[in-house]
Amino acid sequence: MTLDVLQGIITPPIVKASKGANIPLWLTLPMSGCFVIGCIFLFAPSSSLAAANEQVRWTGIAYLIAAGTFTISALLGWFLAAFPVTNIQDKRSKKVAVHLFIFMMLLTIAAIVAIFSTSLIFSLEVSPVRLSAEKRGNIACSIDAGASCTNCFDDLDENRCPEWSEGEVKKVIQTELKLSATMAAIFFIYGSSALRFGFTLRSHIMKYQIDYV
């Protein structure tokens, strides 16, 4: 009986401490994933979204924003796990940190949801991507891996790569957007799990159930 009571008292703080220590590692994948995808969408010559219009190109910016908020959340998670509460000032610091953690995760999830919604809408042609002749030619030349394009160095942008139609270019863009929606759904799971942990930790801080063991 006494052993069961001690186990009930000691085990929850140890479990919480273990989860808290793993939060930075847990957020490493979505943090690095958002950064890489954002850079590819914005700067990679082979990305069709890098040359697309602002209707879909802003998703790359949103990925970089999400990478930043994931990074800040990971740092806050490290702080929450690394420093125990030994006095009132420590408790105040942890309360501020956990509230910042929750706020950053809410921002992250909002960015991820916006990315997912936009990617899904445009990938399913619910809101078709509009391309000018200039953008069609530029995108076709940048993504052509089989050297099938001609006139890629033509002074007139609309004459570039007549072998690729606007519909074919749009299909490539929609494929990238489907990949974007899939990755956003995965990152949403990571963010939701971290947010749930943040609310649980906040509850424990308010009730003084902190790692003293």
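Colleague: Ser180 lies in helix H6. How do I read "helix" here, and what kind of model is this?

Modeller: Helices are DSSP runs (H or I, at least four residues), numbered from the N terminus. This is a predicted model, where local features need pLDDT of at least 70, side-chain atom pairs count only at pLDDT 80 or more, and totals for chains, interfaces and linings use all residues. Residues are numbered from 1 along each chain as its sequence is written, and side-chain values use heavy atoms, leaving out hydrogens and water.

Colleague: Is Ser180 buried or exposed?

Modeller: Buried means under 20% relative accessible area, exposed over 50%, partly exposed in between (1.4 Å probe, protein chains only). Ser180 counts as buried because its relative accessibility is 1%.

Colleague: Which residues does Ser180 touch?

Modeller: Contact means heavy atoms within 4.5 Å. Leaving aside residues up to four places away in sequence, Ser180 touches Phe41, Tyr63, Ile115 and Ser119.

Colleague: And which residues of helix H5 are buried?

Modeller: In H5 (residues 133-143), they are Arg136, Gly137, Ile139, Ala140 and Ile143. They sit on the same side of H5 because their arc around the axis is only 170°; the arc is taken from the directions from the helix axis to the C-beta atoms. Helix H6 (166-206) is included in what covers them.

Colleague: Where is Phe103, and why does it count as partly exposed?

Modeller: Phe103 is in helix H4 (residues 88-123), and it counts as partly exposed because its relative accessibility is 47%. Phe103 and Gly198 are 95 residues apart in sequence, with 9.6 Å from C-alpha to C-alpha.

Terms used
Helices (H or I, at least four residues) and strands (E, at least two) are DSSP runs, numbered from the N terminus.
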